[in-house]
Structures are given as C-alpha cells and as structure tokens.
Amino acid sequence: MTSVVNTRMDFDQALERFEPVLGLETHVELGTASKMFCSCATEFGGEPNTQVCPVCLGLPGSLPVVNAVAVESTIRMGLALHCDIASWCRFARKNYFYPDMPKDYQVSQYDEPLCTNGYLDVTVPTDDGPREFRVEIERVHMEEDTGKLTHSGGDTGRIHGADYSLVDYNRAGIPLIEIVTKPITGAGALAPVVARAYVAEVRDLMRALGVSDVRMDQGSLRCDVNVSLAPAGEPWGTRSETKNVNSLRSVERAVRFEIERQGAVLSEGGRIIQETRHFHEDTGETTPGRSKEQAEDYRYFPEPDLVPVAPSSEWIEELRTTLPEVPSVRRSRLQVEWGVSDLEMQTLVNAEALDLVEETIVAGVDQAAARKWWTGEFTRIANEQGVALADLGITSAHIARVESLIADGSLTDKLARQVFEGVVAGEGDPDSVIAGRGLAVVGDDSTLMAAIESALAEQPDVAEKIRSGKVQAAGAIVGAVMKTTKGQADAAKVRTLLLAHLGVEG
Amino acid sequence: MAPVMDGDLARQDAATMAAAMQGGEVTSVEVTQACLDRIDAVDGQVHAFLHVDRDAALETARGIDELRSTGAALGPLAGVPLALKDVLTMNGVPTTCGSRILEGWRPPYDSTVVERLRDAGVVILGKTNMDEFAMGSSTEHSAYGPTRNPWDLERIPGGSGGGSAAALAAFEAPLAIGTDTGGSIRQPAAVTGTVGVKPTYGGVSRYGLVALASSLDQAGPCARTVMDAALLHAVIAGHDPRDSTSIDAPVPDVVAAAKNADVRGMRIGLVRELGGEGYQEGVRQRFDEAVAILGDLGADVVEVSCPNFEYALAAYYLILPSEASSNLARFDGMRYGMRVGDDGQASVEEVMSQTREAGFGSEVKRRIMLGTYALSSGYYDAYYGQAQKVRTLITRDFAAAFDQADVLISPTAPTTAFRIGEKVDDPLAMYLNDIATIPVNLAGNCAMSIPIGLAPEDGLPVGLQIMAPALADDRLYRVGAALEQALVDKWGHELIEEVPAL
C-alpha cells in the first residue's frame with residue numbers, strides 16, 4: 001500500500017468554503033434464529049465453521065430458501081422508516097470473486113429492493129438547543145453476509161501481504177439488511193453529529209422493533225460513510241466512501257476527518273478521487289483503499305434459484321398495526337413522564353442511558369435516583385473504563401437493592417458508590433460486595449456512642465462549645481467519629497446522637 | 001408380464017424386473033448383480049459410467065430383499081437398479097459433473113432426487129458420464145473421455161446425459177436419471193432409441209442438482225419404456241421445501257396416464273417451425289409415419305405455428321451462459337475439488353485463476369466468457385434483457401399452440417447420432433442439435449422423447465418429441481404409451497431389441 005500523508009484543513013474553515021453532502025449505507029445483522037437462506041444457527045462466537053451446512057457453504061447443488069422472518073423484519077424496519085413496501089420484488093446475484101464468499105456471488109437485492117422512499121427524523125444538540133433533522137431513506141433491502149476472514153502475517157491486517165488467511169463461514173448467510181440514505185444535504189457543521197445521530201437512531205429503532213440487538217462491538221452494525229464537499233454554488237462534489245465504520249464515535253470522526261481532508265485537497269486546487277477508504281480507530285484518519293474510478297462490474301441479475309418475494313397488502317397492514325413505539329416518540333413520552341429538561345434528556349440520550357434508566361424505574365427505583373446513578377456515577381466509571389454503560393455489569397435489580405439499603409439507613413451514598421465499584425470489579429451482587437468489603441453502616445448505637453464519647457474526651461473544648469449552643473461546632477466531632485468508623489457511619493445519625501447526648505437542640 | 005426366465009435378466013425392463021421380484025421369481029441382489037456383470041462386460045467399450053458403486057448397490061439390494069422377505073410394503077420400483085447422472089449429489093459418492101475441477105469431491109449430502117430414490121428402494125448402481133457441467137450434446141466434452149453409442153460405438157450417445165442413455169441402451173441399467181437444460185435428457189434418448197422425459201420446471205426438486213442454468217435445469221426419468229419412465233417419474237417428482245422453485249401442487253398421475261395409452265379425441269399439434277429443412281431425411285420419414293399412426297389411433301392431428309421459436313436458440317445461448325457464468329463461479333479451488341498453483345507465494349486470485357484455467361474444459365470456458373460478457377454493465381439490456389423478452393414470447397407461442405392442441409409434437413433432434421469428433425470443433429453445429437428441444441426449457445413446460453424407428457439411411461434410432469403444457473406431464477405419457485404400443489405391435493418387438501450385440 002502506498003503511504004499517504006493526509007493534509008487537513010481546519011473544520012470551520014472547510015465549512016465556510018464547502019457544503020458537505022453525506023450518504024450513509026448501514027448494514028445490520030438481523031437477529032433471526034436461523035440464517036437468510038438455510039436453517040443454520042446465527043449465534044455469535046461459535047467455533048469457526050461449526051454453524052454451516054451445504055447451503056451456506058455454497059456446496060455444488062445446494063439451493064437457498066428465503067427466511068420468512070428476515071423478510072418480516074425487513075418489512076417492519078421499512079414501515080418504521082416510513083418506506084413504501086414493494087408488492088413484488090426479487091433477489092439478485094452480485095457477482096465477484098472473494099474467498100469469504102462461498103458461491104463467489106452474494107445474494108442481495110439490486111434494482112428491486114423490498115422497501116423504498118422513507119425517512120428518519122433525528123435530533124441533534126446545538127448551541128441553540130436540540131434541532132430535528134430529517135434524513136431521507138432511499139431503500140432498505142435484504143442480503144446475506146459473507147464469511148469472516150482473518151489474515152495472519154503481514155503488517156496491514158489485510159489480505160495482501162498476509163502469510164495465510166483463515167476463513168470462518170459461520171457468518172456466511174447471516175441475514176443483513178442494508179439501509180441506504182438519499183444524499184444528506186444542509187447539515188453544514190452539524191454533518192458529523194447528524195451522521196452519528198442517524199446511525200444511533202437506526203440502531204435504537206432496530207432494537208425497539210426487536211429485529212436485531214445491534215451489538216456494534218460484535219460487528220453486527222457496519223456503516224459505509226460517503227462524504228463529498230460541494231464547492232459554493234455547485235450541487236455535488238466527488239465522494240469518497242469510507243467502508244466498515246463500526247462505532248457511533250467513529251462515524252462522527254470519519255465524517256469530520258473527510259471534511260477536513262477533502263477541504264484541504266480542494267482548497268489546494270486538487271481533485272477528490274472517487275475511491276473507497278479505510279477508517280483507522282487509532283489515528284481517527286482514513287486512508288485510501290481500492291480506487292473506484294473504474295467501477296467494478298458486479299454483473300447483477302435476478303437470482304434464478306429464488307422465487308420473487310411478494311408480501312400481500314393484508315400482511316403489510318397487519319405488520320404496520322403491530323409496530324411498537326418508535327424511539328423518538330418514546331423519548332418525548334419519557335421526557336414528559338420524568339419531567340426533565342431538553343438538556344437533561346439530551347444527556348440521557350448521549351449517555352445511552354434511556355433504556356437503563358427506564359428499566360431501573362420499572363425495578364422500583366425513584367426516577368430521579370435512577371437518572372442520577374446512570375448519568376452520574378456510572379457514566380463516570382464507564383468513561384474511565386472505556387466500556388458501554390450497559391456493559392458495566394450493573395443491573396436495575398442491583399440499583400433497587402442498594403437504594404433500599406440507603407432508605408433503611410444500612411448504606412450511605414458514599415458506601416453505595418463503593419458497593420457499585422465492587423459490582424463493576426466483579427465482586428458479585430451488592431450484598432456480596434457489602435459482605436466481602438465489610439461495608440455495612442455502623443448503625444449500632446452503642447458502638448457509635450462509644451466513638452462519640454471518645455471523640456468528646458479528645459476534644460473537650462469542642463464539647464464545651466457545643467454545650468454552650470454553638471451547634472455548628474458538632475461537625476468536628478462528627479468528622480472524628482466518621483474517621484474512627486472508616487466512613488461506615490451515617491453522619492446524620494451521628495450528629496443526632498451527639499446532640500441528644502449533650503442535651504442540645506439540633 | 002413377460003416371463004423373466006429366458007436368459008438375460010439385465011435386458012428386462014424395470015416393470016418386469018419389479019414384478020418378478022414381487023412374485024418371488026428373482027431377488028434384487030440377482031438383478032443388481034446381473035446389471036453389475038453387464039457393466040463389467042461392456043462398459044469398457046461404452047464408458048457410460050464414471051463411478052460404479054458396486055458394494056453399496058449390492059448392500060442396498062440385500063436390504064430390499066430382506067425387507068421384502070418380512071412382508072414389508074415396498075414401492076413399485078423397490079430393488080430395481082438405476083444409473084445416476086454424475087451431476088446429482090449422493091452422500092459420500094464421487095460427484096464430478098464430468099469435470100476435472102471436481103475430481104475427488106465427495107459431497108456430504110444427498111440430493112432430493114437421490115433421497116427419494118433411496119426411500120423408494122431403488123438400487124443406485126453408480127454415476128454416469130456427461131458433458132462437463134452438462135454443456136454439450138455428445139458427451140465428448142466430458143473430462144473423462146467420451147461415452148459411445150451402443151448402436152454404433154463410433155458414434156455419440158447424445159448429450160449431455162449420454163452416459164445415462166447409453167447405460168440403458170447397453171442394458172447396463174433399466175432406469176437412469178438425467179437432467180435436461182436444453183435437451184440433455186431428450187436428445188440422448190432420441191439417438192439411443194430410449195425414452196427420456198423433461199418434467200415441468202419445478203416438478204422435480206433441483207436440490208442437489210449441480211446447477212448449469214438454474215432457470216432451465218430439470219432432472220427427469222430415463223428408461224427403455226414409457227411405463228418405466230412413468231414409474232420413475234412418480235418416485236422422483238413432487239414438492240420439496242428445499243427448492244424454492246419446486247411446485248407445491250399434486251404430481252399428475254403419470255402412471256395411470258401410461259396405462260391409459262389412449263389418444264382418441266386428443267388434439268395433436270405439429271409445430272410447423274420444428275421440421276422440414278435442416279432435418280435429416282430419415283428423421284422426417286419416421287416422424288411422418290409416426291404422425292400417421294397417431295392419426296390412425298384416433299388423434300386429431302393439426303398444424304400449429306410458433307413463430308418465435310426461431311429465436312429460441314439465440315435466447316438460450318444468452319440465458320444459459322449468463323446463469324452458468326455465475327453458477328460456476330464457486331469452483332475456485334478454495335473449498336473443495338481441484339486446487340492449482342498454491343505454492344505459498346501465489347495470491348488467492350492467482351490460485352483461483354490457475355485452478356479454473358486447469359480445471360475447466362474449453363466448452364465450459366467458452367460459455368463462462370459468453371455469459372460474463374452478456375451480463376456486463378452496458379450489455380445486459382441488449383443481451384440478457386432481450387433474451388428474457390424472447391423467453392416471454394416463446395411462452396406465449398406455447399400458450400397459443402396449446403389452445404389449439406392438447407400436445408405438440410416434433411422430431412426430437414434434427415439428425416441421428418453423428419460420429420464422434422464430427423462436430424466437436426464446431427460449437428454452432430453442436431448447438432443446433434438442440435433446436436427442437438430448447439423451447440420447452442425456456443418456457444418451463446414438459447416434454448418426452450420416444451423412439452419411433454431407425455432412419456433408413458444409417459440404421460440409427462430416431463426420436464419423436466411430445467410437448468405438453470406445464471403441469472400436464474400426464475399427457476406425455478398418455479400419447480407416448482399409445483404410440484409406443486402401436487409401434488411395438490407393428491414391429492413385433494421393442495426397438496431396443498435391435499441394438500447390435502456388444
């Protein structure tokens with residue numbers, strides 16, 4: 001591969017001179033139990049080449065049969081994206097040679113997609129408050145995933161230069177839907193966040209529909225990011241296509257980087273090459289892949305092994321009436337129910353805490369406390385550890401338990417935070433952590449009284465001040481008691497006991 | 001029922017063998033052994049088989065005999081031996097499709113056809129020779145050498161299913177399975193004096209049939225008599241959820257139709273465009289005689305026109321290579337079969353390329369290139385797109401013709417068997433063999449070829465093609481059985497009895 005030094009233009013300067021145009025192609029693995037065209041299992045993480053059969057291995061003579069659940073999932077997604085659903089459409093073969101494809105063609109859809117012409121509204125934060133942005137959807141279609149190649153040797157991790165490559169066909173034939181946007185224009189400086197918000201919204205929508213659990217860390221959502229810059233007064237520029245961007249943050253960074261890179265090229269009088277590019281998580285930059293100047297000819301033609309897909313209008317209407325609440329509607333509802341501001345709501349969304357907070361409330365926790373835990377302490381830990389909130393290992397049941405212990409005085413806020421630290425560290429559920437770390441509040445009055453008396457004895461002057469009515473001096477004694485109990489006492493209770501002991505009104 | 005006693009068991013037809021087994025006169029092991037002995041005796045000359053599955057065949061036969069001895073209910077073809085075209089998968093048994101590229105590959109699964117044969121107790125003797133990936137009309141394009149026509153060993157047995165047809169004509173098996181994409185069952189039947197049927201598209205599952213052209217391929221029965229073909233048809237046909245293009249409808253009662261054998265009042269259409277110029281004199285002569293016999297039997301013979309049939313060959317040679325170029329892409333040396341050039345240095349593309357260069361024969365390469373071109377961006381509409389339109393026109397021609405006639409007839413092939421080597425270097429001449437059989441594949445309906453005599457000028461068999469509408473496969477058997485009976489009555493024996501001794 002040729003080494004390329006990317007020159008970048010300042011983001012704001014680039015936007016003064018050019019209008020970014022985006023296009024997003026999102027591939028998501030559907031959560032069906034079996035593959036697109038055979039009955040093999042789709043579970044992630046199986047031993048390589050154990051979830052395969054003659055069909056998904058493309059053995060000579062084998063034939064595909066369409067997974068009806070995958071068709072249903074695609075229609076439901078299409079409906080949720082306000083698309084038209086085709087009454088008749090076909091699969092097509094996309095022909096090209098590559099060792100991750102058992103048949104050396106991919107069964108996909110070409111000029112007859114199942115869903116067309118929809119839209120998705122996304123909300124992005126701006127300095128002037130949240131702004132809604134409509135992303136138009138070109139099409140949603142079905143296809144099969146390829147196998148997974150692992151290249152060994154060489155320094156690029158790609159097939160060229162590798163000593164050998166291993167292929168796992170467990171992934172071959174997993175149903176994918178591809179959602180393609182129309183060109184997204186008019187986002188200006190918001191383009192990177194619009195791209196991110198769109199992908200997040202697609203993900204949330206698929207989860208809400210229950211058609212995929214969208215585990216981005218397992219590669220079940222992959223995004224091809226098309227970016228071009230239109231010089232002032234011109235509708236389009238030449239686009240680059242950054243392939244397989246697979247986290248929300250990377251989508252945002254890739255768009256931003258491409259705007260800066262293309263801005264630099266164009267402002268120096270250069271020309272953007274139409275090409276595919278690779279995004280590098282470590283540097284946040286893209287580098288060129290293969291050039292698409294000479295378009296690859298996939299020789300698409302209708303898949304003769306499959307009959308057309310022809311969903312009846314009755315079925316489509318039945319699916320339409322059973323669509324669940326879409327994420328944007330749900331957000332509005334929750335915002336009203338919880339009585340939170342736009343800004344707080346945005347914080348919850350950005351922290352990806354909505355589902356978690358809602359679950360926690362369902363588990364019986366006060367909504368303010370639920371929000372406080374997830375957007376405060378837990379977000380801090382998650383950021384610190386670089387993991388998703390949902391992957392911390394904290395459950396709504398844990399929070400409910402800890403909250404009830406706080407309510408009955410068995411834990412303080414400070415102790416509760418230590419309990420959750422223990423949960424995240426894998427020390428078990430809250431009760432196990434409390435037992436293991438000996439974290440229970442020292443609630444026994446005689447123990448506390450002994451500590452109070454010894455503190456008073458050590459600081460007779462302070463004791464005298466309190467007796468004389470200077471109640472604020474009690475803090476020094478409370479502090480000393482907290483110290484001797486290693487923080488495991490309820491400070492408020494210590495204070496009450498102290499004042500009662502000295503016969504002073506609190 | 002003819003007595004089985006006089007001598008050669010292997011020469012009997014399937015129905016006779018089955019009846020003898022049911023009557024306890026003979027066992028499946030004896031019948032199977034007779035076929036295996038015949039294969040040993042003559043296949044060195046004929047080369048119908050690529051692989052003989054001797055032990056497994058005898059084991060199956062023993063199993064059937066045991067079952068029968070317990071009084072178990074068995075199907076009508078239980079214990080009868082069969083030759084399987086080497087394009088259908090059979091678990092653990094080599095499947096080459098006549099190609100080097102699949103040499104040594106043993107599929108890990110049974111095709112649906114094989115599964116149904118096993119369920120019916122049919123004894124599979126082995127795999128028969130064919131043109132590579134079913135591309136050809138002579139079996140000369142097999143990578144494993146040609147099959148020879150038992151009527152004249154210097155001549156071709158037709159193709160692509162020349163092995164299956166020759167196995168029947170050489171009395172190596174009473175039944176065979178063929179596949180027909182443009183005539184690969186019917187043309188070999190015609191030139192070997194046997195019976196072959198291409199069922200309605202979707203009538204027999206394609207699961208496990210290594211695809212040449214998915215929208216045209218159809219497996220079907222091959223036999224020495226119409227009744228045997230019907231019995232085999234009934235075993236292999238019917239809906240299969242593993243093949244999306246399989247028809248979910250009852251199979252027409254082909255066995256009853258073969259027994260019925262009555263054409264009185266049937267309207268039989270002569271297709272004006274399939275005959276006359278370009279057809280060998282002796283072929284025309286025997287065809288005209290057969291038409292007269294059908295008239296004598298009480299059929300109403302009418303002439304019909306199918307004007308778009310003249311475009312069928314051109315459309316076929318765009319659709320078939322297009323689909324084949326994609327279907328054959330998977331033979332890349334990565335997962336199974338031959339691999340060439342993997343020296344630890346060559347790139348994956350180089351290994352794929354070298355494997356395909358070494359593994360495919362010239363006819364396969366020719367068609368892959370044609371198809372790749374026809375599907376290319378900028379050419380698709382002019383070639384593949386136009387060909388699909390022709391396909392629609394041909395389907396309409398059939399629909400109009402079937403308004404006027406219950407079945408259509410034509411000579412199956414323009415000539416009798418030609419000499420080995422005669423057309424192998426002239427693809428266009430080779431393609432013309434299928435001029436009368438191709439329209440049926442394009443339209444997806446059904447057809448049969450039955451023997452109607454020997455051409456006077458060369459003494460070689462001539463076939464007559466009967467075509468019926470989709471899902472009316474029973475009509476083929478009704479007409480075929482009637483004509484067969486009339487001809488046997490006329491000759492005093494079956495035509496196949498005239499095959500020279502090997």
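Reply: Please note that this is a predicted model. To begin with the sheet, two strands pair if DSSP finds at least two bridges between them.

Me: In what order do the strands of the open sheet in chain B lie?

Reply: The order is β1-β3-β2-β4-β6-β5-β10-β11-β9-β7-β8 in chain B, an open sheet of 11 strands with mixed pairing. Its edge strands, β1 (49-52) and β8 (300-304) of chain B, each pair on one side only. From one strand to the next, the twist averages 30°.

Me: How many bridges join β5 to β6 in chain B?

Reply: Two bridges join β5 (residues 195-198) of chain B to β6 (residues 219-223) of chain B, and these strands run antiparallel. Within this pair, G196(B) stands opposite C222(B) of β6(B).

Me: Which strands of chain B does helix α7 of chain B lie across?

Reply: Helix α7 (residues 226-236) of chain B lies across β4 (175-179), β5, β6 and β10 (446-454) of chain B, and runs at about 150° to β6(B).

Me: How is the packing of two helices described?

Reply: One gives the angle between their axes and the distance between the axes. In chain A, α11 (residues 413-424) and α12 (residues 430-437) pack at an angle of about 105°, with their axes 9 Å apart. Because angles of 65 to 115 degrees count as roughly perpendicular, α11(A) is roughly perpendicular to α12(A).

Me: Which residues of α11(A) and α12(A) meet?

Reply: Q418(A), V419(A), G422(A) and V423(A) of α11(A) meet P430(A), V433(A), I434(A), G436(A) and R437(A) of α12(A). By class, this contact has five nonpolar, three polar and one charged residues.

Technical notes. Residues are numbered from 1 along each chain as its sequence is written. Chains are lettered from A and ligands numbered from 1 in the order in which they are written. This is a predicted model: local features need pLDDT of at least 70, side-chain atom pairs count only at pLDDT 80 or more; totals for chains, interfaces and linings use all residues. Helices (H or I, at least four residues) and strands (E, at least two) are DSSP runs, numbered from the N terminus. Axes are lines fitted to C-alpha atoms, for helices over the stretch in contact, and angles run from 0 to 180 degrees between N-to-C directions. Two residues are in contact if their C-beta atoms, placed from the backbone, lie within 7 Å. Angles under 35 degrees count as roughly parallel, over 145 as roughly antiparallel, 65 to 115 as roughly perpendicular and the rest as oblique. Ala, Val, Leu, Ile, Met, Phe, Trp, Tyr, Cys and Pro count as nonpolar, Asp, Glu, Lys and Arg as charged, and the others, Gly among them, as polar.
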